[in-house]
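Dear colleague,

I am handing over the structure that we spoke about, placed just below. After it you will find what I found on going through it.

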Amino acid sequence: MVALALKQAAETTVTGQQIDLENVSHQFELKGAPLPVLDNVSFSVEPGSFVSLIGPSGCGKSTLLRLLAGLDHPTDGTVKVDGESVGDPDPSRILVFQDPTLFPWRTVWDNVALGLEAQGILRSARHRVDNAVQLVGLSGFEKAYPHQLSGGMAQRVALARALVNEPRLLLLDEPLGKLDSLTRLTMQGEIVKLWQEAGLTALLVTHDVEEALFLTQRVLVFGPRPARIVADIAVDLPYPRHRGDPKLAELRREALGHLGLAATW
Ligand SMILES: Nc1ncnc2c1ncn2[C@@H]1O[C@H](COP(=O)(O)OP(=O)(O)O)[C@@H](O)[C@H]1O
Ligand SMILES: [Mg+2]
């Protein structure tokens, strides 16, 4: 069944979006005073690649994902997806949060179906819900309610709810942050597989340097707020990766050094 779901997913393979941020600055107002959050951030991401963003808490990582999702617009500079300035939110660009926020009165299947229902295309696209549920390994739990799921399963539902839209850009904001460490390790491998199968562009915000290095092809390291890019680290290792790879240990030292944590290693 899983093989079939993967095959079906492969047949509907989407192409990942290209991302270009040019001199993006952003500030909020806090008690009448400006709060600068992003400071002149520029970077591009190739279609289909998997890139992580790490940096101190509160530096502006979630804000950056919100700009890409179209939930907010930058004070300065341009955020482009496939060459066009990002306007309103769109199902081709989906943001997944740390907290799965499922509707408790809806089953797994009905929670996953939400996006298609909102677009009014559920009737003709029910197979997409079935596929998404299978892709995240929740076959057999379609009729379960959120209170009957573990934390890892609930986060799988949140991922399926994103994938059902067949996004071309998947924005992951600390999606595994609340999970226990064993579930987290399992789901890290699953996220890599999902990314490889779907062919989409993925951006992962994480506070876990090892997770960033294990999952993604490139790690952008941000400094303290207002965030600027302080390092752009290529993780030039094939998948599947091995956690004990000495190259990963070397890159971890490099990344921690950029975060000012070198002394602990
Ligand atoms: N809507 C908002 N209004 C005012 N300040 C905000 C808003 N959203 C975020 N901030 C502030 O912007 C800064 C960056 O937040 P965020 O992007 O969530 O950081 P990170 O995800 O890197 O931890 C924080 O100081 C936060 O308090
Ligand atoms: Mg955040």
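The chain exposes about 12,700 Å², of which carbon and sulfur atoms supply 54%; accessible areas here come from the Shrake-Rupley method with a 1.4 Å probe, and for residues only the protein chains shown count as cover. Please keep in mind that this is a predicted model, in which local features need pLDDT of at least 70 and side-chain atom pairs count only at pLDDT 80 or more, while totals for chains, interfaces and linings use all residues. Residues are numbered from 1 along each chain as its sequence is written, chains are lettered from A and ligands numbered from 1 in the order in which they are written, and side-chain values use heavy atoms, with hydrogens and water left out.

The chain as a whole

The secondary structure comes to nine helices and ten strands, where helices (H or I, at least four residues) and strands (E, at least two) are DSSP runs numbered from the N terminus. The radius of gyration is 18 Å, close to the 18 Å that the globule rule gives for 265 residues, so the chain is as compact as a globular protein of that length; the radius is taken over C-alpha atoms, and the rule is 2.2 Å times the number of residues to the power 0.38. Along the principal axes, the C-alpha atoms fill a box of roughly 50 × 45 × 35 Å.

Buried residues make up 49% of the 265 residues, with buried meaning under 20% relative accessible area, exposed over 50%, and partly exposed in between (1.4 Å probe, protein chains only). Of the contacts with a separation of 6 or more, 68% are between residues 24 or more positions apart, a contact being heavy atoms within 4.5 Å.

The ligand

The residues around ligand 1 are Phe28, Leu35, Val37, Ser57, Gly58, Cys59, Gly60, Lys61, Ser62, Thr63 and Arg225, each counted as near if one of its heavy atoms lies within 4 Å of the ligand. By class, this shell has four nonpolar, five polar and two charged residues; Ala, Val, Leu, Ile, Met, Phe, Trp, Tyr, Cys and Pro count as nonpolar, Asp, Glu, Lys and Arg as charged, and the others, Gly among them, as polar.

A backbone N or O atom of glycine 58 lies 2.7 Å from a ligand oxygen, a polar backbone atom of glycine 60 is 2.9 Å from a ligand oxygen, and a side-chain N or O atom of lysine 61 is 2.8 Å from a ligand oxygen. The protein covers 62% of the 560 Å² of accessible area that ligand 1 has on its own. Strand 2 (33-45) and helix 2 (61-69) are the elements that give two or more residues to the shell, and the largest share, three residues, comes from helix 2.

Two buried residues

Arginine 184, found in helix 7 (residues 181-198), is buried, with a relative accessible area of 10%. Its side chain is joined to that of glutamate 211 by a polar contact of 3.0 Å, and, leaving aside neighbours within four places in sequence, arginine 184 is in contact with residues including Leu176, His207 and Asp208.

Isoleucine 94 lies in strand 6 (residues 93-96) and is buried as well, with a relative accessible area of 15%. Not counting residues up to four places away in sequence, isoleucine 94 touches Ala162, Asn165, Pro167, Leu169, Leu170 and Leu171.

Backbone details to check

A cis peptide bond, with omega about -5 degrees, joins arginine 225 and proline 226, and proline 226 sits in the loop between strand 9 (218-222) and strand 10 (229-234). Another cis peptide bond joins tyrosine 239 and proline 240, with omega about -5 degrees; proline 240 is in the loop between strand 10 and helix 9 (246-258).

Asparagine 40, in strand 2, has a positive phi near 55 degrees although it is a residue other than glycine, and is partly exposed, with a relative accessible area of 45%. Threonine 101, also not a glycine, has a positive phi of about 40 degrees and is placed in the loop between strand 6 and helix 3 (108-112).

With best wishes

How values were computed:
Polar contact = N/O pair within 3.5 Å; in protein donor to acceptor, adjacent residues only side chain to side chain.
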